[in-house]
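I opened the model to look up its ring pairs and the annotated site. My entries follow.

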Amino acid sequence: MGDLERIRRAARIVAAEAQAGRKVAVVVSAMAGKTNELVAWTDGAGRPAQGIEMSDDEYDVVVASGEQVTAGLLALTLRNMGLNARSWMGWQIPILTDDAHGRARIEDVPGEVLGAALDKGEIAVVPGFQGVTRDGRITTLGRGGSDTSAVAVAAALECPCDIYTDVDGVYTTDPRIESRARRLEKVSYEEMLEMASLGAKVLQTRSVELAMAKQVPVRVLSSFIEPDENGVLPVKSGTLICDEEEIVEKRIVSGVTMSRDEARITLLGLSDRVEAPADVFTRLADANVNVDMIVQSQARTEGAVNLTFTTGRRDAARAAELMRGAQAEIGFEELRVDEDVAKVSVVGVGMRSHAGVAQTMFKALADKGVKFQAISTSEIKISVLIDAAYAELAVRALHSAYGLEAV
């Protein structure tokens with residue numbers, strides 16, 4: 001939905017789906033750069049006066065308008081093509097969310113009103129990224145929230161979800177880093193959830209969480225496809241995000257991801273009290289700061305430890321300020337923040353039943369002279385924190401080590 005031409009292309013795709021006899025609900029994102037522009041306008045409005053809280057609800061009113069414009073333009077374009085289309089704002093459906101403005105979570109999407117419109121032959125065009133609280137205030141879902149909106153609408157209508165984006169599927173790694181990356185035909189919900197949370201930008205994490213919870217099949221497709229002269233779309237390929245049971249041949253490793261949106265925070269000389277780590281992470285949780293990797297090591301000072309954790313770069317300053325403000329209560333000597341780090345991960349459901357995955361990873365990194373600073377694991381992923389300068393080298397080395405160019 002980058003510009004008017006892209007909106008016209010989207011309209012042709014929608015028209016082809018309708019021509020094939022399908023009932024269609026479309027969820028749209030904002031035009032290219034529009035959200036950034038709207039955010040800049042809210043910043044330009046200035047900071048709140050002393051004693052006045054941040055007006056996050058009014059921030060949402062402003063930034064939600066980008067998708068509203070796109071929804072109206074697409075509905076208008078479809079009508080001009082002779083199709084019965086109408087835009088639906090989030091509050092009209094309604095897409096009900098909690099009141100965490102700027103990062104709201106969808107609580108419910110009643111499907112009756114939208115379903116009735118589709119049954120009458122209407123094409124429903126819905127702005128993504130926005131919802132409404134139960135007391136009627138507009139909310140936004142955070143960056144990439146249109147993916148989540150699309151899955152939520154599909155779940156409400158009990159139908160599959162096709163997501164058209166600027167890539168033609170999910171790849172074994174970022175093709176801009178590794179030219180031998182391969183498109184995956186199917187990826188399990190769990191694998192995609194890990195990939196999304198670890199740096200893959202194809203889908204927003206919460207959209208995958210919702211798809212898995214509601215068992216919504218999601219197909220990632222290229223928005224650059226065009227219907228033929230008869231208005232028929234090419235056979236859909238892309239990547240299907242589905243239940244693990246639908247994937248016959250399970251790969252040991254399906255992908256390698258990288259995230260530069262990382263910061264490492266270290267509390268040096270933290271009091272070796274049993275409750276000290278709980279005190280630290282309770283404060284961070286209360287401030288909605290998400291923590292990923294955690295490493296505790298012995299400090300030089302007797303009776304003290306060093307506690308290291310990672311968080312998103314946007315949260316780093318807030319986390320550091322929070323720790324400094326509570327230094328006396330928590331009890332630590334020094335705080336250090338390092339944003340020159342990256343997280344590289346390997347993901348695959350096959351890890352559950354195959355040994356030696358970690359050994360392959362660490363040997364591949366060692367052969368390239370890449371040192372890791374922290375490790376985190378789950379059943380289907382291994383992540384390492386490394387110096388940002390080695391991030392792309394590590395991705396290529398791991399992609400080769402697991403033979404992903406042959407997928």
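I looked for aromatic pairs and found two in the structure. I counted rings of Phe, Tyr and Trp (its six-membered ring) with centres within 6.5 Å; planes under 30 degrees apart are stacked, over 60 edge-to-face, the rest tilted. Phe281 and Phe309 have ring centres 5.7 Å apart and planes at 75°, so this pair is edge-to-face. The pair joins distant parts of the chain, 28 residues apart: Phe281 is in helix α9 (residues 276-286) and Phe309 in strand β15 (residues 304-311). Helices (H or I, at least four residues) and strands (E, at least two) are DSSP runs, numbered from the N terminus.

I noted my ground rules. This is a predicted model: local features need pLDDT of at least 70, side-chain atom pairs count only at pLDDT 80 or more, and totals for chains, interfaces and linings use all residues. Residues are numbered from 1 along each chain as its sequence is written, and side-chain values use heavy atoms, without hydrogens and water.

Next I checked the UniProt record. Its unreviewed entry annotates Thr35 and Glu67 as "binding site"; such annotations may be inferred rather than shown by experiment, and positions follow the numbering used here, with feature names shortened. The two are spread over 33 residues of sequence but cluster in space, with a largest C-alpha distance of 8.6 Å.

Thr35 lies in helix α2 (residues 34-44). Glu67 lies in helix α4 (residues 65-80).

Are they buried or exposed? Thr35 is buried, at 14% relative accessible area. Glu67 is also buried, at 4%. Buried means under 20%, exposed over 50%, partly exposed in between (1.4 Å probe, protein chains only).
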